[in-house]
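Student: Could you walk me through reading a fold from its strands and helices?

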Amino acid sequence: MKTIFVKPQSIEKKWYLIDAEGKTLGRVAAEAAKILRGKNKAEYVPHQDLGDYVIIINAAKASVTGNKMEDKIYYRHSMYPGGLKAESLKKMLDRKPTYPMEHAIKGMLPHGKLGRRLFTNVKIYAGPEHPHQAQQPIAVEM
């Protein structure tokens with residue numbers, strides 16, 4: 001079987017809009033990652049960027065189940081001895097409202113050059129406004 005190569009000129013990229021208000025954070029991230037990879041297209045190949053652009057609004061209002069607001073911890077390290085910082089989901093949403101959604105989507109993409117390129121195609125906003133009206137995004141129902 002021959003490897004499929006789609007020419008970059010023939011790829012038609014669309015813009016999709018996802019409203020995360022009241023929806024589960026992981027399910028929104030999984031849907032966004034699927035669209036970013038291009039898995040919703042018939043000509044999908046895992047080694048090329050065939051995906052579309054995704055706009056996520058109301059990312060700060062995405063819900064989580066159980067006790068994740070207090071129990072889910074985000075870690076970072078300053079690379080100095082004793083420099084481990086831990087922050088709960090609730091505090092992270094207060095400090096950086098879009099970070100949990102970015103972190104979830106980034107974890108669902110390939111970990112390499114392709115994944116970093118795909119992550120530039122997602123635009124995440126904490127509130128309902130976004131500056132991409134000119135692209136006429138298609139609303140995604142979940």
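This is a predicted model: local features need pLDDT of at least 70, side-chain atom pairs count only at pLDDT 80 or more; totals for chains, interfaces and linings use all residues.

Tutor: Numbering starts from 1 along each chain as its sequence is written, and side-chain values use heavy atoms, leaving out hydrogens and water.

Student: Which pattern does the protein chain follow along the sequence?

Tutor: Helices (H or I, at least four residues) and strands (E, at least two) are DSSP runs, numbered from the N terminus. Here there are five helices and six strands, in the pattern β-α-β-α-β-β-α-α-α-β-β.

Student: What is the order of the strands in the open sheet?

Tutor: Strands of a sheet pair through backbone hydrogen bonds, either parallel or antiparallel. Two strands count as paired if DSSP finds at least two bridges between them. In this model the four strands run E5-E2-E1-E6, with parallel pairing. Strands E5 (122-124) and E6 (138-139) are the edges, each pairing on one side only. E2 (residues 53-57) is joined to E5 by three bridges, and Val-54 stands opposite Val-122 in E5.

Student: Which strands does helix H1 touch?

Tutor: Contact means heavy atoms within 4.5 Å. Angles run from 0 to 180 degrees between N-to-C directions, with axes fitted to C-alpha atoms, for helices over the stretch in contact. H1 (residues 25-37) packs on the sheet, touching E1 (15-19), E2 and E5, and its direction makes about 160 degrees with that of E2. Helix H4 (residues 99-108) lies across E2 and E5, at about 160 degrees to E5.
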